[in-house]
Amino acid sequence: MRKVGFIGVGTMGCPMAVNIMFKGYYLNFYDPYVNNDNKSKLEKLGGKYCSTIENLLEDRDFVITMLPNGNNVKDVCLGDDGLLKQENKDYIHIDMSTILPADSIAINKEFKSHNIKMFDAPVA
């Protein structure tokens, strides 16, 4: 069974996370600004809330980010406690945030330097 980590379960991310679980994937999710209704909904469906990115990455095959802007994605990916600062580097990153192409290119360059595949898949 594939295991997905999902970062950003707000207005657009929560329905996407629900669909991923409905397809039979195990889901860990993280959002520092998580809405309690969305958190409860995902937990009732079997999702596991993680209070840190480090915990989210435990045994994940894919990590999906769906955040409001490029600065949020940069922080989650490249920040002090971000994805690239964690021990686990054995996953594929899919960014579904609708951000500037320059931000996606810069983030992808950093992921490549750590041998992590990243796909830019913005939702509009």
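Which residue in β5 stands opposite Phe 62? In this predicted model, the residue of β5 that stands opposite Phe 62 is Ile 92. The two strands concerned, β4 (residues 62–65) and β5 (residues 92–95), pair in the parallel sense over 4 bridges.

This pair belongs to an open sheet of 6 strands with parallel pairing, arranged in the order β3-β2-β1-β4-β5-β6. Strands β3 (48–49) and β6 (118–120) stand at the edges; each has a single partner strand, so one side of each is left without a neighbour in the sheet. Helix α5 (residues 101–113) packs on the sheet, where α5 touches β5 and β6. The direction of α5 makes about 165° with that of β6.

Helix α2 spans residues 36–44, and at its start a side-chain oxygen of Asn 35 reaches to within 2.6 Å of the backbone nitrogen of Asp 37. Gly 46, which follows α2, has a positive phi, near 110°.

In soluble globular proteins, nonpolar side chains tend to be buried together. The largest nonpolar core of the model contains 19 residues, and those with the most contacts inside it are Ile 7, Val 63, Leu 83, Tyr 91, Ile 107 and Phe 111. Two or more residues of this core come from each of α3 (53–56), α4 (70–78) and α5, with α4 giving the most, 3 residues. Leu 83 touches residues that include Ile 7, Val 63, Tyr 91 and Phe 111, as well as Lys 89 and His 93, not counting residues up to four places away in sequence. A second, separate core has 15 residues, among them Val 9, Met 21, Phe 29 and Leu 42.

Conventions
Residues numbered from 1 in each chain as written. Predicted model: local features only at pLDDT ≥ 70, side-chain atom pairs only at ≥ 80, totals over all residues. Heavy atoms only, no water. Pairing = 2+ DSSP bridges. Contact = heavy atoms within 4.5 Å. Axes fitted to C-alpha atoms, helices over the stretch in contact; angles between N-to-C directions. Polar contact = N/O pair within 3.5 Å; in protein donor to acceptor, adjacent residues only side chain to side chain. Core = buried A, V, L, I, M, F, W, Y, C linked by side-chain atoms within 4.5 Å. Buried < 20%, exposed > 50% of the residue type's maximum accessible area, 1.4 Å probe, protein only.
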